[in-house]
Amino acid sequence: MVRRAAGAAGRASGRGKGARRPEVRLPPLDAYAGGELERDGDYDGLEFRETDFAGQDGGGARFMDCALTDCALDGTRLAHVRVLDSVLTGVRGVGTDLAEAMLRDVEVLDARMGGVQLHGSVLERVLVRGGKIDYLNLRRARLRDVVFEGCVLVEPDFGGATLERVEFAGCVLKGADFSAATLKDVDLRGAAELDIARGVDRLAGAVVSPDQLMELAPLLAAELGLRVAGIGQE
């Protein structure tokens, strides 16, 4: 069992409260014996390596003190799953269903995924580092102390989500949707690319850099109904 992460101290002025990162230290693990996932299964202290879970149903299962490495999750049904004190490295899959899941003290490293369903989920002290996730669905999810670092997020959907102490560090956001989202102490300044398709009006509670503000200016002006014209122009 892991005990984790003190909050980052001494944040620069204007940064707000920084996200508390997980510090996962796994105990000695037993190799997974194989077989299909079980609904409401209990997986504790196991190592899953290069395991193919494509199309399987592990809804409601609990993973605690586990390591999943290079596992396939194509079409895997994991709704209501609980993932605690665990590390997922190199997982890949399209259409993985993690609706209404709970992820707490979890590191997701170098994932390659698409169409991940995390709507209605709770993420607390989660680090997503490296990799690429297309069409990440986090609608109505609750994110607290979450860091996206050095990853690529293509059209992530935060619609109606609550984000508190969330950081985007060195990552790329393409076509992000923040419609109806609620943000508190969200740090966007470290994003290598910040492309917001919808919900620019919901950025209260976020901090951006001066350069990002200039890039967002046309969207903000359009949201406010402002027309920008030079002197002598109609």
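The legends below describe close-up views of a predicted model.

**View 1. Aspartate 110, a residue with positive phi in strand β8.** Most residues other than glycine have a negative phi. Aspartate 110, however, has a phi near 55 degrees, a positive value in a residue that is not glycine. Its place in the chain is strand β8, which covers residues 102-114, and with a relative accessibility of 46% aspartate 110 is classed as partly exposed, because that value falls between 20% and 50%.

**View 2. Aspartate 145, a buried residue with positive phi.** In strand β10, formed by residues 142-149, aspartate 145 has a positive phi of about 60 degrees although it is not a glycine. Its relative accessibility is 1%, and aspartate 145 therefore counts as buried.

**View 3. Phenylalanine 48 and phenylalanine 53, an edge-to-face pair.** The model holds 11 aromatic pairs, counted by ring centres that lie within 6.5 Å. In the pair shown here, the ring centres of phenylalanine 48 and phenylalanine 53 are 5.8 Å apart and the planes meet at 65 degrees, so the arrangement is edge-to-face. Both of these phenylalanines are buried, and they belong to one aromatic cluster together with Tyr32, Tyr43 and Phe63.

**View 4. Phenylalanine 148 and phenylalanine 158, another edge-to-face pair.** The two rings lie 6.4 Å apart from centre to centre, with 75 degrees between their planes. Because phenylalanine 148 lies in strand β10 and phenylalanine 158 in the loop between β11 (152-154) and β12 (162-169), the pair ties together parts that are 10 residues apart in sequence. Phenylalanine 148 counts as buried at 2% relative accessibility, and phenylalanine 158 counts as buried at 0%.

Conventions: Residues are numbered from 1 along each chain as its sequence is written. This is a predicted model: local features need pLDDT of at least 70, side-chain atom pairs count only at pLDDT 80 or more; totals for chains, interfaces and linings use all residues. Side-chain values use heavy atoms; hydrogens and water are left out. Helices (H or I, at least four residues) and strands (E, at least two) are DSSP runs, numbered from the N terminus. Buried means under 20% relative accessible area, exposed over 50%, partly exposed in between (1.4 Å probe, protein chains only). Rings of Phe, Tyr and Trp (its six-membered ring) pair if their centres lie within 6.5 Å; planes under 30 degrees apart count as stacked, over 60 as edge-to-face and the rest as tilted.
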